[in-house]
Amino acid sequence: MRSAVAALWGMVFGVGLAISGMTNPAKVLAFLDVFGSWDPTLAFVMGAGLAVSGPAFAYARRRERAWLGDAFALPTRQDLDASLLGGAALFGIGWGLVGLCPGPTLANLARGSTEILLFIAAMLAGVAIDHGRARWARASPSDGSSCT
Amino acid sequence: MDTPFTPIAGLVGGLLIGLASAGLLLTNGRIAGVSGILGRGLFPAATGERGWRIAFLAGLPLGAGLAIAVTGDPHGFAITSRPALLVAGGLLVGIGTQLGSGCTSGHGVCGIARGSRRSVTATVTFMTVAAITVFVMRHVFGVPS
């Protein structure tokens, strides 16, 4: 049941990405090209998305559990650290180089494009590289504070 | 490449993206952040949390394919980056979204909606860096993209 409902929301998400035009990397790059021939469409996409997700999060805060019975799993961290800023910066460079972020990338599997397959292979390698780094960092704390 | 400004399509698509984020939150209690779902779908930290993630990710191309077939794909699709840039971009997006705990959906749509300080900071950072990257590539190096 949980997976079937998640698949449905994934489909709605995919429909939204395609209708918004965000599955076209050229359109995303045109949004990011503020000093060129700017296409502000993506700002409307994010604005409309927030108009719906904002009230939903406000409503969820007043509930104990989600409708299918699970407790909410929401991030609790508030600190700004180097990983957050450095990761966001690296992601920004990659996004700006090609015009693809993870959602539209996976949605574009529908097109059977070899460029998309190449990008996904590299993206999955990147995910695996960072997972390996995180595991290595947990196994060998650099500050020695856990050596008791 | 110039693309036309399409505010109505942007609003409709954005509403559906917001609906999907709201839906996954209210039914499953989970954040619709694609990079987080991907990372933890590949490397799950807890048991029983892989199925819904794979299902959500599989829905993305199914939904997009359906919309493209029905609407006739008015926005089109163009990747002009050379293969080396595709590989570099993919690696950076993969590493960066995991290290930075999110992407356009998790930080941009869900995190800002939650009022998360981390997500607002991350979104401002990756948007600014992406715009600078496009400026340098197009207007300094003159790479067509």
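Helices (H or I, at least four residues) and strands (E, at least two) are DSSP runs, numbered from the N terminus. The structure is a predicted model, in which local features need pLDDT of at least 70 and side-chain atom pairs count only at pLDDT 80 or more, while totals for chains, interfaces and linings use all residues. Residues are numbered from 1 along each chain as its sequence is written, chains are lettered from A and ligands numbered from 1 in the order in which they are written, and side-chain values use heavy atoms, with hydrogens and water left out.

Asn108(A) counts as buried, at 1% relative accessibility; buried means under 20% relative accessible area, exposed over 50% and partly exposed in between (1.4 Å probe, protein chains only). Leaving aside neighbours within four places in sequence, Asn108(A) is in contact (heavy atoms within 4.5 Å) with Thr23(A), Leu100(A), Ile116(A) and Phe77(B).

The C-alpha atoms of chain B fill a box of roughly 50 × 35 × 30 Å along the principal axes. Of the 145 residues in this chain, 57% are buried. Among contacts in chain B between residues at least 6 apart in sequence, 43% join residues at least 24 apart.

One residue of chain B gives a local view. Gly106(B) lies in helix α5 (residues 104-114) of chain B and is buried, with a relative accessible area of 13%. Although Gly106(B) and Ala32(B) are 74 residues apart in sequence, their C-alpha atoms are 6.1 Å apart in space. Beyond its neighbours within four places in sequence, Gly106(B) is in contact with Ala32(B), Gly33(B), Gly111(B) and Ser119(B).

Next come the helix pairs between the chains. Helix α4 (residues 82-98) of chain A packs against helix α4 (residues 83-99) of chain B at an angle of about 155°, with axes 7 Å apart. Axes are lines fitted to C-alpha atoms, for helices over the stretch in contact, and angles run from 0 to 180 degrees between N-to-C directions. The two helices are therefore roughly antiparallel, as angles under 35 degrees count as roughly parallel, over 145 as roughly antiparallel, 65 to 115 as roughly perpendicular and the rest as oblique. Residues making this contact include Gly87(A), Phe91(A) and Trp95(A) of α4(A) and Leu85(B), Gly89(B) and Leu92(B) of α4(B). By class, the contact has 15 nonpolar, seven polar and no charged residues; here Ala, Val, Leu, Ile, Met, Phe, Trp, Tyr, Cys and Pro count as nonpolar, Asp, Glu, Lys and Arg as charged, and the others, Gly among them, as polar.

Helix α2 (residues 25-32) of chain A and helix α6 (residues 117-140) of chain B pack at about 100°, with their axes 8 Å apart, and are therefore roughly perpendicular to each other. Leu29(A), Ala30(A), Phe31(A) and Leu32(A) of α2(A) meet Met127(B), Ala130(B), Ala131(B), Val134(B) and Arg138(B) of α6(B). These residues divide into eight nonpolar, no polar and one charged.

Finally, the largest nonpolar core has 68 residues, and those with the most contacts inside it include Phe13(A), Trp95(A) and Phe56(B). Such a core is a set of buried Ala, Val, Leu, Ile, Met, Phe, Trp, Tyr and Cys residues joined through side-chain atoms within 4.5 Å. Not counting residues up to four places away in sequence, Phe13(A) touches several residues of chain B, among them Ile17(B), Val34(B), Phe56(B) and Ser105(B).
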